[in-house]
Amino acid sequence: MTNHHDFATLAVHAGEAACKVTGALDTPIYQSTTFVSVDSDEMAAVYGGEKFGYMYTRYGNPTIRALEEKMAALEGGEAALATAAGMAAISTAILGYIKAGDHVVAGRSLYGAAYNFLNKKLPRMGASATFVPSTRVEDFEKAIQPNTRLIYFETPSNPIMEILDIARLAALGRARGIPTMIDNTFASPALQQPILAGVTVVVHSATKYLCGHGDAMGGIIVGPKAYIANLLSEVFRDFGGVISPFNAWLILRGIHTLHVRMPVHCSNAQAIAEFLARHPKIERVNYPGLPKDPGHELAKKQMKAFGAMISFEVKGGYEGGKKVMDRVKIFARAASLGDTRSLIVHSASTSHRAVPREQRLTLGITDGLVRISVGIEAAQDLIQDLDQAMAF
C-alpha cells in the first residue's frame, strides 16, 4: 500500500495486511506486554536497534505499529508514533525539539492543556514560549528569537476556529531553519494534510475524529523518520506515554470509516452554523464555513471542507449559554469532540479553564461561549434541538 492510492483506500488498507500465520483479515490485537526472542543475541540486537523486532510494548507492538503506518500514510509523512493520549503526543513531540534555554513561538488560540504545557510546564524545564497575538504570519516572524527552536500552532483552533496559513507558516519555518508543528485534530487528515503543505510535524488527539466513536484514547505524532526514531529512543520510552494495543486497534477500526464520516459531520455543521448565524438569540458564530468568517477564504483554500466544530455566543452571556446547555436534549453535555454523537461544552469552565480569564477574553473565549462538536445525526433534528433550547 503506497501513498499514491486514494485517501479512502489508504484509510482502509494502509499499515494493515492479512495475518501471515492465521490469514486473519483484521489486524490482530497483540495484547502482550512482552515478546520472546529466539536467543540472547537476537534479544540484544532488537533491544539495541540493530535488528527489527518486538521485545516490550513500551518499545513497540505490532498492533500499534499498524496504526502508526496507517497514520504516516494518511498524513503523507515518513513515520509516526502512537501515544496514550493527545497530550502525550503534544508533550512528547515538543520535547523532541525543546531543551533548557530554548524558545517556542506558538499560536495564541490553542487547546487549554497545550497552552498550559507551553506556558507553565516548559518554564519549569528552563524553556519558554511566546504566544503570537494574531493570526498574521508576519507577527509569528516578529516573535522569533535567536533561541527559537519550534513554531507551534492549531488550525482550525480550539475553540474559536481561527484559521492560520499553513503553507506560509511552514515556509517561514523553513526560511529560518525552525521546525513547524501543527495540531491537526480539528480537521483530521481527511480535510487537510499539513505535511504536504510543508509542515515538519503533525500531532493529533486520536481520541477524536480518528477514533470517531468515543471509546478509545490515543495520540499520534507524524514527522520525519529520524525525528520519530529519536523521539522513541530519547523521549517516549522514558516518559512512557504508551497507547494500549486494544486502544490502537479501536482507533484503527475508526479510521476505516473516517472518509465516510467526515462529509456528514461537515455538512451537518454547515447547516447548523447557517441556522445559528440567523438566530436572534445568537450574537456571534465562529465557523470558517460562513462567508463572513475572517478565516473563510483561507480555509476554503487549504481545507477540503470546513470541519464540524462550531462555537457561538448566546445573548445573555454566561447565563444565556448555561440555559442552552441545560435545555438541549440530543446534544450531550460532555467533553471531547469528533464523536459520532453531537456534544456541547462550555469552554471557559472546561477545555480552557487553565487559560487566564484576561487572555481568554482577548481571544474571544468569553464566559458565555458555547462550543459544539457536530455529530452525524440528522441535521434537522440537531437544529430543532438547538432551536428549542434557545426558546427562553
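Helix 4 (residues 86-95) is mostly covered, with 9 of its 10 residues buried. Buried means under 20% relative accessible area, exposed over 50%, and partly exposed in between (1.4 Å probe, protein chains only). Helices (H or I, at least four residues) and strands (E, at least two) are DSSP runs, numbered from the N terminus. The buried residues of helix 4 include Gly86, Ser91, Thr92, Ala93 and Ile94.

This is a predicted model: local features need pLDDT of at least 70, side-chain atom pairs count only at pLDDT 80 or more, and totals for chains, interfaces and linings use all residues. Residues are numbered from 1 along each chain as its sequence is written, and side-chain values use heavy atoms, leaving out hydrogens and water.

Now take Thr148. This residue is found in strand 4 (residues 148-154). Thr148 is buried, at 3% relative accessible area. Its side chain reaches two partners:

| Partner of the Thr148 side chain | Distance |
|---|---|
| His103, side chain (polar contact) | 2.7 Å |

Next, the cores. A nonpolar core is a set of buried Ala, Val, Leu, Ile, Met, Phe, Trp, Tyr and Cys residues joined through side-chain atoms within 4.5 Å. The largest has 85 residues; Leu67, Ile272, Leu276, Ile310 and Ile372 touch the most other members. Helix 10 (residues 258-278) gives the most to this core, 8 residues. A second, separate core of 30 residues includes Ala93, Ile94, Ile98 and Val201.

Notes:
A polar contact is a pair of N or O atoms within 3.5 Å; within protein, one must be able to donate a hydrogen and the other to accept it, and residues adjacent in sequence count only if both atoms are side-chain atoms.
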